[in-house]
Amino acid sequence: MRMAAELTYAQYLRLPGLLAQQAPRSDSHDEMLFIIIHQASELWLKLCLHELRAARNCIASDQLDSAFKMLARVAAIQKQLIHSWDVLGTMTPSDYLGFRHLLGTSSGFQSQQYRLLEFLLGNKDAAHLNRFAEDTSAHDALRQALHEPSLYDEALRTLRRRGLPIPVDHVERDFSRPYRISSGVEGAWAEVYRNNEQYWDLYELAEKLVDLEDRFQLWRYAHLRTVERIIGRKSGTGGTPGVPYLARVIDQRFFPELFSVRTAL
């Protein structure tokens, strides 16, 4: 094995293989931009999953300070993902038409990592597994994530362990089912906010989750505006719904009571 002292930058990062992964299917100048933006986004998503899974484990074991660092890092990554749409938005409709016909049925809807991220944050929908029926590895990973507690589930379990009145049916449930909004959960968060000095770490956890959701919503909105700027209201590749679908999901909430409690306070 090569000694670490002899390891080069290119070898450590496996750059020859990494930089060989961009293979445009056309002579269009902008196809390289399109490929790199999406590949880089998948790498950032991989890091988000790495950090959020670790944060979930820390929350489950009451190591909230460690979780805060990871959640803050994800928030910083989300800024990068949001800004990536600004770069892609430099591509005009004419630029995209130069290679769009070569994309076949490929679509961002087929991003396994994006679906894993949504499941981890709590947006559970078993129907998404159907899209990966022919990819055994992806399907199995998504099925496992579907049945695991989300980041929010573990946060609610932590509140209950600390004596806050989280309803038992919100911590002992079928985690593959969509989350149901609860006035009891809202009341528990209200107690955290009203007594933030007593529950300072839980108060900080709440705000870290709000930051996470805020930036996710900004990412969705930037995605919508970029798609609308480039293809208007046309269907996406593979017949995907495009802008109308993106507009619908903007209002989806991962941590609903953390927003409704603001009205209740």
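These are my notebook entries on a predicted model of one protein chain.

**Entry 1: the whole chain**

I began with the secondary structure. I counted twelve helices and zero strands in the protein chain. Read from the N terminus, the order is α-α-α-α-α-α-α-α-α-α-α-α. I then took the dimensions along the principal axes. The C-alpha atoms fill a box of roughly 60 × 55 × 35 Å. Next came burial. Of the 265 residues in the chain, 45% are buried. I also looked up how far contacts reach along the sequence. Taking contacts between residues at least 6 apart, I found that 69% join residues at least 24 apart.

**Entry 2: helix H8**

I turned to H8, residues 151-161. How many of its eleven residues are buried? Eight are, so the helix is largely enclosed by the rest of the structure. I listed the buried ones: Leu151, Tyr152, Asp153, Glu154, Ala155, Leu156, Thr158 and Leu159. Then I asked what covers them. The cover includes H3, H4, H6, H9, H10 and H12.

I checked both ends of H8. At its start, a side-chain oxygen of serine 150 comes within 3.3 Å of the backbone nitrogen of tyrosine 152. Just after the helix, glycine 163 has a positive phi of about 90°.

**Entry 3: helix H6**

H6 spans residues 112-121 and is mostly covered. Nine of its ten residues are buried. I noted them as Gln113, Tyr114, Arg115, Leu116, Leu117, Glu118, Phe119, Leu120 and Leu121. Glycine 122 follows H6, and its phi is positive, near 115°.

**Entry 4: isoleucine 59**

I picked a residue in helix H3, isoleucine 59. Is it buried or exposed? Its relative accessible area is 0%, so isoleucine 59 is buried. I left aside neighbours within four places in sequence and listed its contacts. They are Leu64, Ala67, Leu151, Glu154, Ala155, Thr158, Arg161 and Leu205. I also took one C-alpha separation. Isoleucine 59 and tyrosine 152 are 93 residues apart along the chain, and their C-alpha atoms are separated by 9.6 Å.

**Entry 5: the loop between H3 and H4**

Serine 61 sits in the loop between helix H3 (31-60) and helix H4 (64-88). Its relative accessible area is 39%, so serine 61 is partly exposed. I found two polar contacts for its side chain. A polar atom of that side chain lies 3.0 Å from the backbone oxygen of asparagine 57. The side chains of serine 61 and glutamine 63 are joined by a polar contact of 3.1 Å. I then looked across to H8. From serine 61 to glutamate 154 is 93 residues in sequence, but 9.4 Å in space between C-alpha atoms.

Aspartate 62 is in this loop too, between H3 and H4. Aspartate 62 counts as partly exposed because its relative accessibility is 43%. What is its phi? It is positive, about 60°, although aspartate 62 is not a glycine. I noted the background for this. Most residues other than glycine have a negative phi.

**Entry 6: arginine 14**

I looked at another positive phi. Arginine 14, a residue other than glycine, has phi near 55°. Where is arginine 14 found? It is in the loop between helix H1 (9-13) and helix H2 (15-18). Its relative accessibility is 68%, so arginine 14 counts as exposed.

**Entry 7: glutamate 213**

Next I looked up glutamate 213, in helix H10 (residues 200-231). Its relative accessibility is 0%, so this glutamate counts as buried. Neighbours within four places in sequence were left aside again. Glutamate 213 is then in contact with Gln252, Arg253, Phe254, Phe255 and Phe259.

**Entry 8: H9 against H12**

My last entry is a helix pair. How do the axes of H9 (residues 183-194) and H12 (residues 257-264) cross? They come within 9 Å and cross at roughly 65°. That angle makes H9 roughly perpendicular to H12. The crossing is right-handed. From H9, the residues in contact are Val185, Glu186, Trp189, Ala190, Tyr193 and Arg194. They meet Glu257, Leu258, Ser260, Val261, Arg262 and Ala264 in H12. I sorted the residues of this contact by type. Seven are nonpolar, one is polar and four are charged.

Conventions. Residues are numbered from 1 along each chain as its sequence is written. This is a predicted model: local features need pLDDT of at least 70, side-chain atom pairs count only at pLDDT 80 or more; totals for chains, interfaces and linings use all residues. Side-chain values use heavy atoms; hydrogens and water are left out. Axes are lines fitted to C-alpha atoms, for helices over the stretch in contact, and angles run from 0 to 180 degrees between N-to-C directions. Helices (H or I, at least four residues) and strands (E, at least two) are DSSP runs, numbered from the N terminus. Angles under 35 degrees count as roughly parallel, over 145 as roughly antiparallel, 65 to 115 as roughly perpendicular and the rest as oblique. A crossing is left-handed if the near helix is turned anticlockwise from the far one by less than a right angle, and right-handed if clockwise. Contact means heavy atoms within 4.5 Å. Ala, Val, Leu, Ile, Met, Phe, Trp, Tyr, Cys and Pro count as nonpolar, Asp, Glu, Lys and Arg as charged, and the others, Gly among them, as polar. Buried means under 20% relative accessible area, exposed over 50%, partly exposed in between (1.4 Å probe, protein chains only). A polar contact is a pair of N or O atoms within 3.5 Å; within protein, one must be able to donate a hydrogen and the other to accept it, and residues adjacent in sequence count only if both atoms are side-chain atoms.
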